[in-house]
Amino acid sequence: MKLGKYSLGMGDRFGRQGKAQLAALRKAKEAGVAVTPVWNKSHREHTIIGTEPADVRREADEAVAACAWDGAYFVDADHISLANVDGFVEASDFFTLDVAEIIGRPAGKEKVDAFVSRHRDLVGTLRMDGSATTFEIAVSDLRAIASKYLAAVHEAGRIHRHIASRKGAGRFVTEVSMDETDTPQTPVELLVILAAICDEGIAAQTVAPRFSGRFNKGVDYVGDVRRFAWEFEQDLAVVGYAVREFGLPDDLKLSIHSGSDKFSIYEPIQDALRKFDAGLHLKTAGTTWLEELIGLALAGGEGLAIAKEVFGRAVTRMEELCGPYATVIDIDPTRLPDPRLVANWDGALFAQALRHNPFCSCYNPHFRQLLHVGYKIAAEMGSRFTEALDRYQDIIAGQVTANLYDRHIRPLFID
Ligand SMILES: [Zn+2]
């Protein structure tokens, strides 16, 4: 199963924007760039919303049929582990094996020794195609990195074999993710991780490392852009090396999680992809749900009332809502607008405060991040919320498509 050079992971919390999302990929196709749609939803998100993997499959199939999309598309079991993968096996054909929690767990001295002797060729000076810098790796480095990551890769192997035994080998796309952890992985660590992935027999097509800097939900990258650009290029060089030297699938590529809205790094990413002629999987993060809120606000009436209510209630339940996302949001409560003032805003002002336009003086990233995690409140509204989505679908769909195409696909893959 081929994912294609460029692919876009799209979330859709309430399962109604599949067609509007696909319209953005159709625009890319018309502009001459193929981007494969991947609908993803994690176990965490299913639990909070009250949906099941089969709902995502149904939405994807319906959107693809309605839009007469003739390209490949996938349904991603996002951030799964052995504990919850079974519920996803039937509906998904893309699996993101999340083993970040296992990083640092001891793998056993024998296994580390065997790994180090098997990969002696990594010791010394390594030159990567397309990269000016060389890697100097000592035996002690190799041993230290293996000790840190081998157990995690072994766990990925267990999940991969489990899925393969139920679905059949080669009948799904595999991603290995280690992004939800505090310490970034260096390019050398990524190299060792890929060697271990190969040893483990995992036919990984994407790998999601933890990059340096903060990838907060729904807002721009926070960190040193030049350092990120350097690291990203090194990682691309490492992936190319791993494909040639370890024999990993030749379409193996990097995956960036929480990749939506990271406007300040899109240009360096695009430059690097061109330099290495490399592909990319970009996972967006709740950016579509925020466009639903913007559409509701712009619609006015009951739509605007719901948007304001979600914010008002989110302010009073901030701790509870932010808890599961603590490592991927940074909200300064003193910079949130007063809900009593928001109650008097018109739809245009609400939309401007929420829409991710860094050049607009009304844009408020704290407001945006709180609403990002506020989807639980909308889920609790039940049919009142989903009926509003249906009623104002035209205006919402326009926002969803424009956000994905103008703010994401174009600057990353086209312009
Ligand atoms: Zn992730």
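Below are my entries, in the order I made them. I kept in mind throughout that this is a predicted model.

**Entry 1, the sheet.** I traced the strands and got a closed barrel of 8, in the order S1-S2-S3-S4-S7-S8-S9-S10, with parallel pairing. From one strand to the next, the twist averages 25 degrees. Strand S1 (residues 6-10) runs parallel to strand S10 (residues 280-283), and 4 bridges join them. For a landmark there I took Tyr6, which stands opposite Leu280 in S10.

**Entry 2, a helix on the sheet.** Next I looked at helix H6 (residues 139-167), which packs on the sheet and touches both strand S4 (94-98) and strand S7 (173-177). I noted the direction of H6 at about 155 degrees to that of S4.

Is H7 mostly enclosed or open? I counted 11 of its 13 residues as buried, so H7 is largely enclosed by the rest of the structure. My list of the buried ones includes Pro187, Glu189, Leu190 and Cys198. As for what does the covering, I found helix H5 (109-118), H6, S7, strand S8 (204-208) and helix H8 (225-246) among the elements involved. I checked the length too: H7 (residues 187-199) reaches 19 Å from its first C-alpha to its last, close to the 18 Å expected. After H7 comes Gly201, and I read its phi as positive, near 75 degrees.

How do H10 and H14 lie against each other? Helix H10 (residues 287-299) and helix H14 (residues 347-354) have axes 7 Å apart and pack at an angle of about 160 degrees. That angle is over 145, so I put H10 down as roughly antiparallel to H14. I logged the crossing of H10 past H14 as left-handed. On the H10 side, the contacts are made by Leu290, Leu293, Ile294, Ala297, Leu298 and Ala299. They meet Gly347, Phe350, Ala351 and Leu354 in H14.

Last, I went to Pro324, in the loop between helix H12 (318-322) and helix H13 (339-342). I found 15 C-beta neighbours inside 10 Å, so Pro324 counts as partly exposed; buried would have needed 20 or more. I also jotted down Val373, which is 49 residues from Pro324 in sequence and 9.0 Å away in space, C-alpha to C-alpha.

Definitions and conventions. Residues numbered from 1 in each chain as written. Predicted model: local features only at pLDDT ≥ 70, side-chain atom pairs only at ≥ 80, totals over all residues. Pairing = 2+ DSSP bridges. Axes fitted to C-alpha atoms, helices over the stretch in contact; angles between N-to-C directions. Contact = placed C-beta atoms within 7 Å. Buried ≥ 20, exposed ≤ 12 C-beta atoms within 10 Å, placed from the backbone. Expected span 1.5 Å × (residues − 1). Parallel < 35°, antiparallel > 145°, perpendicular 65-115°, else oblique. Left-handed = near helix turned anticlockwise from the far one by under 90°.
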